[in-house]
Amino acid sequence: MLTQDLDFSDVNYAPRLQRTIPDPTDRLVLCLRLPPGEWPIEAWGERWDVAERSCKDTETVRLLRKLPAFEEYSRLRVAVGWSAVPPARVAVAFAETKHVSAIRDNADELRAFARTVGDGELYLYVQDVMVDPVYQHQGLGSQVIEDLLQQVRDTTPSDAFIGVLAMPGTDGFYARLGFESQWPRHSVMQITLESRRPYE
Ligand SMILES: CC(C)(COP(=O)(O)OP(=O)(O)OC[C@H]1O[C@@H](n2cnc3c(N)ncnc32)[C@H](O)[C@@H]1OP(=O)(O)O)[C@@H](O)C(=O)NCCC(=O)NCCS
């Protein structure tokens with residue numbers, strides 16, 4: 001059940017999700033050659049070397065096509081340095097999700113996440129691409145994007161527009177996965193409006 005973790009809903013989005021997202025999978029994707037645990041980033045090199053040599057402390061992570069609970073999503077947002085968002089707004093935002101890919105560690109903690117939003121037919125945008133800083137540079141980000149792209153291939157015509165707003169420094173990450181910069185044919189433009197709707 002895709003929405004079983006979404007206990008923060010005051011919005012009825014479950015029917016839409018079930019229609020647009022294929023059945024969730026629960027498959028093994030990779031074994032991290034790092035023991036589990038919250039280690040300081042500067043310890044990675046040493047630990048990686050030790051793990052590479054012995055290869056006995058491996059961690060298995062699982063990829064699931066299921067939206068996380070609000071608390072887990074918030075935790076990951078804050079971990080990557082993004083702002084917190086109130087539950088009601090996340091519920092509305094999640095309702096517009098077309099595809100989702102999430103990786104959990106062997107303690108079931110959310111470690112990587114990405115989703116698409118859009119109309120599912122002509123335009124899709126990859127959003128909320130996040131990997132827990134402790135788990136970055138191990139292929140998890142690539143795995144969630146590749147899985148999202150597989151879901152898009154399975155559900156969307158090949159002439160659909162699939163875009164991503166690459167944050168500074170992430171162009172290389174997306175380029176490796178097949179995205180191409182559209183500059184100078186297209187540039188990203190944004191407008192910020194003085195909204196009449198109160199901000200929570
Ligand atoms: C960008 C991000 C999703 C990458 O996830 P990841 O799991 O580290 O990525 P992978 O291990 O699959 O691939 C990493 C490779 O992508 C490339 N890369 C380019 N820019 C990068 C960046 N900003 N961060 C990490 N890797 C980047 C590098 O070649 C890197 O290889 P390396 O690990 O040998 O250095 C992750 O760093 C993240 O969550 N960042 C904070 C949130 C963010 O900026 N999200 C993107 C929004 S557009």
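Starting from the N terminus, the protein chain runs through its elements as α-β-α-β-α-α-β-β-β-α-β-α. That makes six helices and six strands, where helices (H or I, at least four residues) and strands (E, at least two) are DSSP runs, numbered from the N terminus. This is a predicted model, in which local features need pLDDT of at least 70 and side-chain atom pairs count only at pLDDT 80 or more, while totals for chains, interfaces and linings use all residues. Residues are numbered from 1 along each chain as its sequence is written.

**The overall picture**

- Of the 200 residues in the protein chain, 24% count as buried. Here, buried means that 20 or more other C-beta atoms lie within 10 Å of a residue's own; exposed means 12 or fewer, partly exposed is in between, and the C-beta atoms are placed from the backbone.
- Take the contacts in the protein chain between residues at least 6 apart in sequence: 66% of them join residues at least 24 apart. A contact needs two C-beta atoms, placed from the backbone, within 7 Å.

**Helix α3 and its buried face**

- Helix α3 covers residues 70-79, and its buried residues are F70, Y73 and L76.
- Looking down the axis of α3, these buried residues fall within an arc of 135°, so they line one face of the helix. The arc is that of the directions from the helix axis to the C-beta atoms.
- Why can that happen? An α-helix has 3.6 residues a turn, so residues three or four places apart point the same way.
- The buried residues of α3 pack against α4 (87-95), β4 (110-118) and β5.
- After α3 comes G81, with a positive phi near 90°.

**Strands β5 and β6**

- β5 and strand β6 (residues 161-164) run parallel and are joined by four bridges; two strands pair if DSSP finds at least two bridges between them.
- Together, β5, α5 and β6 make a right-handed β-α-β unit. Right-handed means that, with the strands pointing away from the viewer, the path from the first strand over the helix to the second runs clockwise.

- Most residues other than glycine have a negative phi, and most peptide bonds are trans.
- D128 is not a glycine, yet its phi is positive, about 55°. D128 sits in strand β5 (residues 123-131) and counts as partly exposed because it has 19 C-beta neighbours inside 10 Å.
- H137 also has a positive phi, near 65°, and is found in the loop between β5 and α5 (140-155). With 11 C-beta neighbours inside 10 Å, H137 counts as exposed.
- The peptide bond from W183 to P184 is cis, with omega near 5°. P184 is in the segment after α6 (171-176).
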